[in-house]
Amino acid sequence: MWDRFLRACRCEPVDATPVWFMRQAGRYMAEYRKLREKHTLLDICRAPELALEVTLQPLRAFEVDAAILFADILLPLEPMGAPFEFAAGEGPVIHAPVRDRAAVERLRLFEPEEGLPHVLQAIRLLRRELEGKTPLIGFAGAPFTLASYLVEGGKSSHFMRVKRFMYDEPEAFGELMHKLAEVVRRYLHAQIAAGAQAVQLFDSWVGCLSPRDYTEHVLPHVRHVLASVAEAGVPIIHFGTDTGALLELQREAGGSVIGVDWRTPLDAARRRLGDGVALQGNLDPILLFAPRPLLERRVDEVLAAAPRTGHVFNLGHGILPETNPDAVRFVAERVHRVTSR
Ligand code: CP3
């Protein structure tokens with residue numbers, strides 16, 4: 001069944017539980033590393049033919065039920081006027097971090113067809129390639145997660161700068177979130193118009209906030225984005241990590257599928273969220289390094305805790321670069337074997 005992923009997102013019956021992996025394309029694959037010898041990450045994102053090739057690599061290697069466009073959540077920052085690079089070993093570096101109201105005011109809104117035409121072109125190429133075979137997921141970073149990179153200037157462990165900005169200058173922070181939300185809203189609509197059959201909103205770092213701060217500073221912006229995108233009629237996966245205290249609020253903010261990490265068992269998530277929403281997750285990516293019998297047992301446990309309809313198997317966060325592709329292959333096959341009906 002080529003569309004079991006889309007059906008599970010809509011809580012419809014499926015012939016087997018669909019599976020895909022966050023970061024299913026990337027450095028853990030030799031095919032990707034080979035391409036990276038000649039091209040930088042941003043080169044690949046800017047060349048639709050290369051992005052197409054990398055997106056297809058995991059589909060050739062594993063039994064995955066969805067393709068995720070090869071791109072990065074940070075791409076919209078450049079057309080907003082905040083250029084960045086991926087520095088070897090350090091992750092992303094924003095050249096001029098946004099730390100005051102004047103910097104927020106300088107950020108630009110842009111039309112995705114003008115600011116990120118290569119991403120939309122990659123989606124069109126992919127749809128032609130995948131038609132009737134594998135659904136294509138588009139994605140964007142959520143406003144808070146993008147704000148964390150813009151304000152911190154790169155990766156962060158305590159999110160001190162972005163939270164201080166939020167507490168010290170709530171109005172300027174609100175304006176930043178407002179601009180990011182509008183960029184993300186337009187970008188997701190443009191991806192769907194180009195052919196994305198589902199979209200995932202990555203609020204990867206929102207788990208650093210209390211429910212109180214999430215409610216005041218984040219939820220209204222995410223709700224605005226997701227209510228608008230929902231009108232396009234494709235499944236929306238709303239994902240975050242360390243969101244055990246935020247799940248109900250994330251659900252309230254929107255999405256047809258809630259992405260859950262390994263800290264929250266899926267049966268507990270189900271009890272809290274009810275059955276009007278599908279769940280995605282939630283194997284700990286570190287279990288891919290575990291001895292095979294343990295990995296097998298933990299995959300089976302995720303499946304046993306998952307709802308019968310409305311489950312998309314995934315990790316609780318992205319595949320790490322040191323992962324052995326054989327473990328990924330094993331998990332995809334195991335999910336299909338155990339759940340096929
Ligand atoms: O296969 C896929 O999942 C699609 C491609 C994808 C990438 N980034 C490519 C990429 C996706 C969905 C993302 C999302 C992304 N990017 C997120 C949200 C998901 C998450 O993990 O929470 C975040 C926070 C980013 C920002 C980002 N991009 C960071 C922090 C880094 C550096 C990480 C590191 O380990 O160096 C990146 C770089 C990046 N984006 C890589 C890939 C495959 C690393 C590979 C490379 O340098 O070639």
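Which loop holds D242? D242 lies in the loop between β6 (236-240) and α13 (247-253). I'll come back to that loop.

First, some ground rules. This is a predicted model, where local features need pLDDT of at least 70, side-chain atom pairs count only at pLDDT 80 or more, and totals for chains, interfaces and linings use all residues. Residues are numbered from 1 along each chain as its sequence is written, and side-chain values use heavy atoms, with hydrogens and water left out. Helices (H or I, at least four residues) and strands (E, at least two) are DSSP runs, numbered from the N terminus.

Let's start with the ligand. It sits in the largest pocket. A pocket here is an open set of points on a 1 Å grid over the protein atoms alone, with protein on both sides within 12 Å along at least five of seven lines. "Sits in" means that more than half of the molecule's atoms lie within 2 Å of the grid points. Two elements give two or more residues to the shell around the ligand: α2 (30-38) and β3 (91-94).

How many residues surround the ligand? The number is 22, and the closest are Y32, R36, D72, S204 and H317. The shell divides into 14 nonpolar, four polar and four charged residues. Nonpolar covers Ala, Val, Leu, Ile, Met, Phe, Trp, Tyr, Cys and Pro; charged covers Asp, Glu, Lys and Arg; the others, Gly among them, are polar.

Now the polar contacts, meaning pairs of N or O atoms within 3.5 Å. An N or O atom in the R36 side chain is 2.5 Å from a ligand oxygen. For the side chain of H317, the distance to a ligand oxygen is 2.6 Å. R23 uses a backbone N or O atom, 2.7 Å from an oxygen of the ligand. On its own, the ligand has 880 Å² of accessible area, and the protein covers 88% of that. Those areas come from the Shrake-Rupley method with a 1.4 Å probe.

Next, N314. It lies in strand β9 (residues 311-315). Is N314 buried or exposed? N314 is buried, because its relative accessible area is 0%. Buried means under 20%, exposed over 50%, and partly exposed in between, using a 1.4 Å probe and protein chains only. The N314 side chain reaches the backbone nitrogen of M22 at 3.0 Å.

Helix α9 (residues 143-152) is covered too: 10 of its 10 residues are buried. Among them are F144, L146 and Y149. After α9 comes G153, with a positive phi near 90 degrees.

E333 is in helix α16 (residues 325-339). At 30% relative accessible area, E333 is partly exposed. E333 and V64 are 269 residues apart along the chain, yet their C-alpha atoms are separated by 8.9 Å.

Most residues other than glycine have a negative phi, and most peptide bonds are trans. F159 has a positive phi, near 55 degrees. F159 is in the loop between α9 and α10 (160-168), and it is buried at 10%. Back to D242: its phi is positive as well, near 60 degrees. D242 counts as partly exposed, because its relative accessibility is 41%. Finally, the peptide bond from G281 to N282 is cis, with omega near -5 degrees. N282 belongs to strand β8 (residues 278-283).

Terms used: Near = heavy atom within 4 Å. Polar contact = N/O pair within 3.5 Å; in protein donor to acceptor, adjacent residues only side chain to side chain. 1 Å grid on protein atoms, 1.4 Å probe; cavity = no way out; pocket = protein on both sides within 12 Å on 5 of 7 lines; lining within 4 Å.
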